[in-house]
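Colleague: I'd like to go through the aromatic side chains with you. Can you put the structure up?

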Amino acid sequence: MKHDIRAPALFFAPFVSSAMRVEPQWIDYNGHLNMAYYHVLFDRAVDEVFSLVGLNRDYVDSRHASTFTAECHILYKRELTESDQVRVTAQLIAFDDKRLHYYLEMRHATEGWLAATSENLSLHVDLTSRKVCPFPADILANIALMKASHSMMPLPATIGRIIGMPEKTAITVESMTGERETETRH
């Protein structure tokens with residue numbers, strides 16, 4: 001009898017992406033990386049890290065499910081210019097049976113300075129019904145292993161940060177202090 005023995009996945013804390021280069025066509029009229037392409041670089045790194053837990057193209061094709069980004073909060077810390085190389089680190093902050101909360105840092109690949117951070121919430125989605133659904137047990141087990149590895153890391157200081165202006169610098173208009181719109185929950 002043949003035994004199918006699968007070694008458990010090994011997760012580094014944090015995960016570090018492959019090096020990626022800022023492409024010339026991504027530079028805007030300000031002479032730096034356009035904000036949209038920070039998202040592209042972060043997304044490429046997420047593809048690498050999600051692949052480690054089994055969430056890749058084969059998963060989409062065979063199980064007809066994937067992850068969709070529900071929320072993303074990027075902080076731009078330092079300009080990137082043409083041909084700069086970056087690496088992205090990823091830290092799994094939390095998860096449940098349908099969601100992943102993770103934090104990314106983009107750093108210059110050779111000099112190490114921080115270019116941007118991204119805090120994200122992704123949902124597991126059945127591509128047939130287009131509805132949020134639970135991860136399969138094998139994927140959930142891999143996610144739990146990654147979280148165990150990443151739980152030794154301190155939480156980033158900016159997790160849960162809210163966009164806003166400090167009161168001392170904000171320009172306020174009396175009529176704008178009305179009620180806020182209620183937010184929807186996923």
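Colleague: How many aromatic pairs does the count come to?

Modeller: The count comes to three aromatic pairs. Keep in mind that this is a predicted model. One of the pairs is Tyr38 with Tyr76, which is edge-to-face, with 5.0 Å centre to centre and 80° between the planes.

Colleague: Which parts does that pair tie together?

Modeller: Tyr38 is in helix α1, residues 35-52, and Tyr76 is in strand β3, residues 65-76, so the pair links parts 38 residues apart in sequence.

Colleague: Tyr38, buried or exposed?

Modeller: Tyr38 counts as buried, because its relative accessibility is 4% and the cut-off for buried is under 20%.

Colleague: And what does Tyr76 count as?

Modeller: Partly exposed, as the relative accessibility of Tyr76 is 37%.

Colleague: OK. What sort of aromatic pair do Phe50 and Tyr102 form?

Modeller: Phe50 and Tyr102 are edge-to-face, at 5.4 Å centre to centre with 75° between the planes. Phe50 belongs to helix α1 and Tyr102 to strand β5, residues 99-108, so this pair ties together parts 52 residues apart in sequence.

Colleague: What is the relative accessibility of Phe50?

Modeller: It is 9%, so Phe50 counts as buried. Tyr102 is buried too, with a relative accessible area of 5%.

Colleague: Changing topic: which residue lies over the face of Trp113?

Modeller: That is Arg78, at 3.9 Å from the ring centre of Trp113.

Definitions and conventions: Residues are numbered from 1 along each chain as its sequence is written. This is a predicted model: local features need pLDDT of at least 70, side-chain atom pairs count only at pLDDT 80 or more; totals for chains, interfaces and linings use all residues. Side-chain values use heavy atoms; hydrogens and water are left out. Rings of Phe, Tyr and Trp (its six-membered ring) pair if their centres lie within 6.5 Å; planes under 30 degrees apart count as stacked, over 60 as edge-to-face and the rest as tilted. Helices (H or I, at least four residues) and strands (E, at least two) are DSSP runs, numbered from the N terminus. Buried means under 20% relative accessible area, exposed over 50%, partly exposed in between (1.4 Å probe, protein chains only). A charge sits over a ring if NZ of Lys or CZ of Arg is within 6 Å of the ring centre and within 35 degrees of the ring normal.
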